Amino acid sequence: MSTFSTVKPEELDKSIFRIISKDWVLISAEKDGKVNTMTASWGGAGFLWNKNVAFIFVRKSRYTKEFIDSSDTFSLSVLDHGKYAKTLSYLGTVSGRDEDKIAKSGLTVVHEDGTPYFEESGAVIVCKKLCRQPIEPGNFIADGIDSSFYADKDYHDMYIGEITRMLVSDPSVL
């Protein structure tokens, strides 16, 4: 069993750009006692409304969106990409609507103050939802975004969450 310690968001030494876009994160939430997760490579972190925040993007078609919408919190789990690349890919391509993908992944769900995350994580960011903003085609300023990323019109919602806790079991991840 991993031992997690709490760290402050300001202690993050690694690039959030690398963590999210290259290593990926698992976005997880719980609804009616069931946990669902998805792999994400879009998002970020910063300071907004006098709070440390993380922001994520979830397409309207994703099953995990139902879980995020039904919960006050979500987590971002960072796993060792080298060790878990196949698992991360699987969790990002298979829907929890179709099978119990968490059970098939072999990952272990644990909770922090009621928010699910994975025991195998090197780091976890626990967030309290502050805002949900639909991404709408009329708001694009730059040309090509809609045609390049939304040809199927499956737009994202952006969620901004206050970082309420950061947990680390493997400091090399952060």
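The notes below take up the cavity, the salt bridges and a nonpolar patch in turn.

The model is predicted. A search of the whole structure finds 12 salt bridges, and the structure also holds 1 cavity of 30 Å³ or more.

- Sorted by class, the lining of the largest cavity has 8 nonpolar residues and 1 polar residue, while charged residues are absent from it.

**Salt bridges between separate parts of the chain**

- Glutamate 162 and lysine 51 meet through their side chains in a salt bridge, with an N to O distance of 3.9 Å; because glutamate 162 belongs to strand E10 (residues 156-168) and lysine 51 to strand E5 (residues 51-59), the pair ties together parts that are 111 residues apart in sequence.
- Glutamate 162 counts as partly exposed because its relative accessibility is 21%, and lysine 51 is likewise placed in the partly exposed class, at 29%.
- A salt bridge of 3.5 Å, N to O, joins the side chains of arginine 97 and glutamate 66, linking distant parts of the chain that are 31 residues apart: arginine 97 lies in the loop between helix H3 (81-93) and helix H4 (101-105), and glutamate 66 in helix H2 (residues 63-70).
- Arginine 97 is partly exposed at 44% relative accessibility, and glutamate 66 is partly exposed at 32%.

**A further pair and a network**

- Aspartate 146 forms a salt bridge with lysine 153, in which the closest N and O atoms are 2.9 Å apart; the relative accessible area of aspartate 146 is 22%, so this residue is partly exposed, and lysine 153, at 47% relative accessibility, also counts as partly exposed.

**Nonpolar surface patch**

- Leu48, Trp49 and Leu130 make a nonpolar surface patch of about 260 Å².
- Of these residues, leucine 130 is found in strand E9 (residues 123-134), and a relative accessibility of 33% is why leucine 130 counts as partly exposed.

Definitions and conventions: Residues are numbered from 1 along each chain as its sequence is written. This is a predicted model: local features need pLDDT of at least 70, side-chain atom pairs count only at pLDDT 80 or more; totals for chains, interfaces and linings use all residues. Side-chain values use heavy atoms; hydrogens and water are left out. Patches are made of residues with over 30% relative accessible area and no salt bridge: like charges are joined within 9 Å, nonpolar side chains (Val, Leu, Ile, Met, Phe, Trp, Tyr) within 5 Å. Accessible areas come from the Shrake-Rupley method with a 1.4 Å probe; for residues, only the protein chains shown count as cover. A salt bridge is a side-chain nitrogen of Lys or Arg within 4 Å of a carboxyl oxygen of Asp or Glu. Helices (H or I, at least four residues) and strands (E, at least two) are DSSP runs, numbered from the N terminus. Buried means under 20% relative accessible area, exposed over 50%, partly exposed in between (1.4 Å probe, protein chains only). On a 1 Å grid over the protein atoms alone, a cavity is a set of points where a 1.4 Å probe fits but cannot get out, and a pocket is an open set with protein on both sides within 12 Å along at least five of seven lines; lining residues have an atom within 4 Å of a point. Grid points are joined across faces, edges and corners, and a volume is the space filled by probe spheres set on the points. Ala, Val, Leu, Ile, Met, Phe, Trp, Tyr, Cys and Pro count as nonpolar, Asp, Glu, Lys and Arg as charged, and the others, Gly among them, as polar.
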